[in-house]
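Visitor: I would like a close look at a single part of this assembly, the place where two chains meet. Please describe that part and then the chains that form it.

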Amino acid sequence: MNLAQGVQVVSLGLLSLMVLGAALGVVLANNIVYSAFLLGGVFISISGLYILLNAGFVATAQILIYVGAVNVLILFAIMLVNKREDFAPISSAWIRKGVTGLVCIGLFALLSTMVLTTPWLIASIPASGEQATLLIGEHLFSDFLLPFELASVLLLIALIGAIILARRELIVNEPASGVDAGLMLPERPREGVAVGSDP
Amino acid sequence: MSKSRHLLSGTDKMNSGINLQGSFIDFFQGLGLPYGTVKLLWLPLPMLLLLLGATVGVLVVVWLERKISAAAQQRIGPEYAGPLGVLQPVADGLKLLVKEDIIPANSDPVLFTLGPMIVVIPVFLSYLIVPFGQNLVLTNIGTGVFLWIALSSVAPIGLLMSGYSSNNKYSLLGGLRAAAQSLSYEVPLALAVLAVVMMSNSLSTIDIIEQQSGYGIFGWNIWRQPVGFLIFWIAALAECERLPFDLPEAEEELVAGYQTEYAGMKFALFYLGSYVNLVLSALLVAVLYLGGWDFPIPIDPILQLLGIDSNVPWVQLITASLGITMTLLKAYFLVFLAILIRWTVPRVRIDQLLDLGWKFLLPIALVNLLLTAGLKLAFPVAFGG
Amino acid sequence: MDVPSLSTQLNPLVILPELIVLTALVVVVVCDLIVGRTASRWTPYVAVSGLLVSVVQLGFQWNNDHAIAFLGGFNGDALSIVFRGIIALSAAVTILISIRYIEQSGTALSEFISILLAATLGGMFLSGADELVTIFIALETLSISSYLLTGYMKRDPRSNEAALKYLLIGASSSAIFLYGISLLYGLSGGATKLVDIGTALTLSTGLGDPSIGIVIALVFVIAGVAFKISAVPFHQWTPDVYEGSPTPVVAFLSVGSKAAGFALAIRLLVTAFPVVWEQWRFVFVALAILSMILGNVVALAQTSMKRLLAYSSIGQAGFVMLGLIAGTEQGYASMIFYLFIYLFMNLGGFTCVILFSLRTGTDQISEYAGLYQKDPLLTLGLSLCLLSLGGIPPMAGFFAKLYLFWVGWQAGLYGLVLLALVTSVISIYYYIRVIKMMVVKEPQEMSAAVLHYPVVQWNLPGMRPLQVSLISMVLITSLAGILSNPLLSLANASVSNTPLLQSFIKASTVSVSITDVDSHL
């Protein structure tokens, strides 16, 4: 084993430990803020695994998107609504936890047997290394063009939806035209302007 | 980064300049040491160099900041510590080092300690991609500027962490503001970089500079990307939380933002981080828009005219030092601009800040990107076909 | 690769119907932005006409020989055309019935329509997606738009609750689905096209038993699909979401979204999993049994009309699965035929429920008491649609069910068909209960809501489209059974024109006959 291989093995071990430890922390930590920060640790460690796989672009994108955007947004949301509420302790909560733990261990055992016994087909294409960025771009504009473009629709509609959910609407307590106030749906009208009626 | 080439590693390019790593390894192998051991000896050197270089750069900037601020206010500034007060930043640093390290009551000590580290580490890491010459770069990795953008997006986590853990409302607000600001300005910043990347067909900083070289000052990207340059500079100032965008630590509103409860070495880390980041941003502006190590007058034709072979060691030495000098000069000119802006422009309000980012810079950056793509198709010669 | 040759290879005209829907979506968004609130008077009609034009365009593509587009990412074969048509039609009807509802609830109409169009787009792409990444993105487009639609009445806590539940359960089901398709990617050695995956899995399995990895991938993928078609035990979200979300959204979810789920199920299972054909058939038998029993039995105890329809839709999904399990040419044809009829009768039913809740503000079944005296048209429409859902002759639902059961019997699924018959009888009970409530009650037994029933007015803004959809849906529901030939031949032709189904049916019948021979020997 030469220097490079040694470094790789050690980094793989360290990164795997970090992923596992941080992921367990996310699930088990009582403080939700800790969970959120540890989630960032999971993302960073996974990006390290990508680097070990020579996927530099994916690693960088992982940091940018998951750590820089997703995790920051999660933290943001937690800190904006950081309502300290004492939950009443559930009686015999350990049974639930135990059952959950058992189910998870069972699932883990099943999946690991699967991973070990399945004859995986290894792709014959050589690793692209530094050319990966270029190749990803070519794929996005040839055989993955449709999902790439469809993702833009998805993002547009997610944006519109987020704005709808977040915007403050002017509430006028005035029923829409032609309806008695008693016969309203539970939702309140936004304004008096109705579709098709004169403004 | 197993694949990445390390500092000064020999590339096969013609204009390879000096190759420090190669010479180092050759020298020690000549002494009879095995290759692996020499490599191991070499590895820490670039890392140390990075830390030292960045720290010295910060000391210079702090001194500049004090002197230029003083000049802007018609004061003298530091003058007793060393000639012209150049040792003042060192004294500041020593003071912070030996100060008592206070962790406030009811705070979260672990997060409180981790916060400043998470802010500082990505900034230092980003120096990996800053080139000072053809081979004078720590790693010429393929993702180059993209790595910098990604790393700079990690800092808000540290800010949120320190804001949250300080158990202080000003800190929390400051942390939240910092995160919001960083998220908002990352988008136009990345779009401005994308336009440059589109012209050079590569994310690597080396390729970006090479694409600008050859025509001296007229080849620099600032002429082809004037709007992109402005967007980048504004967004970079916002990312560094410099005035007029220093809302997260606006002292009139938030005492000192997320830094309020920090003292001693942890405060020093924040302080260091913000200045390292400023120098880094300036360096990247120089790389992306001002031709990096490129001299304003093209050198190769002159050498040819004089009949000098550019591979002779002493010529290589001169061009390399010229490259380093040019990069630093450009960067420090931009730092000077930033300091001048600090004392001439009033601070914006938080809503103005977000409006500027989302409603002004973002659309303009998008239009700039679109225009660049169009120009690239129309004039492939000038805009990198 | 130069641009013209690339565009011939991409063959983008196959997705022209989707592009029309996309244009309608962009027009709605941009016009609403520029013109302002008054634009919502005509944007719904832009959207509806876009959807109808898209359906017409789908008709023109019926005999398209070059159906493969985007280098194998999208397959515009006859099967996908039928499903895309169902989804687009259901979206068009949903928009018609939602105009008044959204207006009266005081929320913005144009945004609602644009999100609905995006969901339609996701569903349509999902019906034809032939490659894992496209499938996933299309699925997410459909899902995320559905979450948004569910939570659209944001001042209504029930809507919020429904959206949150739907989002959480949906996100975890997406995650499981994604895990499944990532296993497929690994098992096939890095293939993302379904055809390549199918070939690779067949090659690696050979004649032996399928590896445990393939089975786990299959289970995970089916979990994701079953969530979309809300098959028991992946149905938990359905009643709560149906009860809380705006009623037009429920109409779309129960028809459009479900059809997209079935399209995905057929394409994915038939193309990528021919190796484990018996395994997935077995899983679907279990899903169908559970869905039919639980959906129809729990529906008996419901007091809210929306919840009733939710459970009934779970049961209906169980019936549709019969055709998938049969696996014959008629099996798929009967599925498509049933989905077509289900489109009309279910949307007709929802039109009536919306109309009733618009006029009275409630959807409790007990409040329907004595409706016949006040609003005969609504009573008639709702009764016909419910009868059709229950499968009473001569409504269309009867013929659709008949075809399904006949196909199942032909395929030798005797137990399953018997169970389906029993559960349909149960379903007739709860459908008739509503009709009895409306028709038989004496005037003095009228509910408070019906007692204060407003004068029926069709000239209010947004009421005309409701009337159009009510009358057309009820007409089709009552007549499509007797005049079902065109629909039947459409369903049959769509199956016989689809190469992937044809080859699969051939292969599976061969393997079945071989196993038969083996057992005889």
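Guide: Chain B and chain C, by comparison, have no contact, and their closest C-alpha atoms lie 13 Å apart. This is a predicted model, in which local features need pLDDT of at least 70 and side-chain atom pairs count only at pLDDT 80 or more, while totals for chains, interfaces and linings use all residues. Residues are numbered from 1 along each chain as its sequence is written, and chains are lettered from A, and ligands numbered from 1, in the order in which they are written.

The contact between chains A and C involves 43 residues of chain A and 56 residues of chain C. On the side of chain C, at least two residues each come from α4 (78-104), α5 (109-128), α6 (132-150), α7 (157-187), α8 (194-205), α9 (212-228) and α14 (329-360). Helices here are DSSP runs of H or I with at least four residues, strands are runs of E with at least two, and both are numbered from the N terminus. The largest share, nine residues, belongs to α6(C). By class, this side of chain C has 24 nonpolar, 23 polar and nine charged residues; Ala, Val, Leu, Ile, Met, Phe, Trp, Tyr, Cys and Pro count as nonpolar, Asp, Glu, Lys and Arg as charged, and the others, Gly among them, as polar.

The two partners may now be described in turn. Chain C contains 22 helices and two strands, and 62% of its 521 residues are buried, that is, with 20 or more other C-beta atoms within 10 Å of their own, C-beta atoms being placed from the backbone. Among contacts in chain C with a separation of 6 or more, 80% join residues 24 or more positions apart. Along the principal axes, the C-alpha atoms of chain C fill a box of roughly 70 × 60 × 40 Å.

Chain A has six helices and zero strands. Buried residues form 22% of the 199 residues in chain A, and 38% of the chain A contacts with a separation of 6 or more join residues 24 or more positions apart.

The contact of α14(C) with α16(C) comprises nine nonpolar, five polar and no charged residues.

Note on methods. Contact = placed C-beta atoms within 7 Å. Buried ≥ 20, exposed ≤ 12 C-beta atoms within 10 Å, placed from the backbone.
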